[in-house]
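Please look over the structure shown here before reading the questions and answers that follow.

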Amino acid sequence: MDKTQLETLYNENIVKIYRFFYSRTLSQAVSEELTSQTFLAFAENSRSKTTIENPVGYLYGIAKHIFISYLKQKGHEIPLEIERLEIYEEIEQTTYRIESNGYTQSQIETFIDRLPEKQRQIAKLRLLQKLKTKEICEKICKDNNYVKTTMKRAIKSLRLMIAMQPSVPPDALIN
């Protein structure tokens, strides 16, 4: 693979690879580092191999293995979904486009599913089921402050996630 092809592949895929890592780590620094490692590994491997049939698929395969290595290094259990992940299709599916009138239900659910468990529970009740704070308190047997604090944390996490999406105003999720 020559330098021009490598630059083109980099320019077309850097944002997608970065979003993949960011959506799972919620850390800009970690995502940048993993993205960098992915492209460096690809560049090294492309020099040693004579031809790579599917460079994009190969790049995403490297990203998958780097993410699994990162999880192992941090002592996290590797979710079965990650091990079976066809990363190219998954990255393409998570490249969200926002319609003129806001998020689709599916997009909101995808973002919420990436939240920590307590935030996810509150966000689903508030954003998907449209329950009021008092109703959420009664449903989960927690006080008002707990629900409000957890919801604020969920909103902050959601804003971080959606900030990485193209053409998305950070306040679009919360009216």
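**Helices and side-chain contacts**

The buried residues of helix α2 are S31, L34, T35, T38, F39, A41, F42, A43 and S46, where buried means under 20% relative accessible area, exposed over 50% and partly exposed in between, with a 1.4 Å probe and protein chains only. Helices (H or I, at least four residues) and strands (E, at least two) are DSSP runs, numbered from the N terminus. This is a predicted model, in which local features need pLDDT of at least 70 and side-chain atom pairs count only at pLDDT 80 or more, while totals for chains, interfaces and linings use all residues. Residues are numbered from 1 along each chain as its sequence is written, and side-chain values use heavy atoms, with hydrogens and water left out.

Q: Against which helices do the buried residues of α2 pack?
A: Packing is judged here by contact, which requires heavy atoms within 4.5 Å. By that test, the partners of the buried residues of α2 are α1 and α3 (55-73).

Q: What distance does α2 reach from its first C-alpha to its last?
A: The expected span of a helix is 1.5 Å times one less than its number of residues. Helix α2 (residues 28-48) has 21 residues, for which 30 Å is expected, and the span in the model is close to that, at 31 Å.

Q: With the side chain of which residue does the side chain of T25 make a polar contact?
A: T25 has its place in helix α1 and is buried, with a relative accessible area of 18%. Leaving aside neighbours within four places in sequence, T25 is in contact with residues including L34, F67 and Y70. A polar contact is a pair of N or O atoms within 3.5 Å; within protein, one must be able to donate a hydrogen and the other to accept it, and residues adjacent in sequence count only if both atoms are side-chain atoms. For the side chain of T25, such a contact is made at 3.1 Å with the side chain of S31.

Q: Which residue meets K124 in a salt bridge?
A: A salt bridge is a side-chain nitrogen of Lys or Arg within 4 Å of a carboxyl oxygen of Asp or Glu, and by this rule the count comes to 1 salt bridge. The pair links distant parts of the chain, 11 residues apart, with K124 in helix α7 (residues 117-128) and its partner in helix α6 (residues 105-113). K124 is partly exposed at 33% relative accessible area, and the side chain that K124 meets, at 3.3 Å from N to O, is that of D113.
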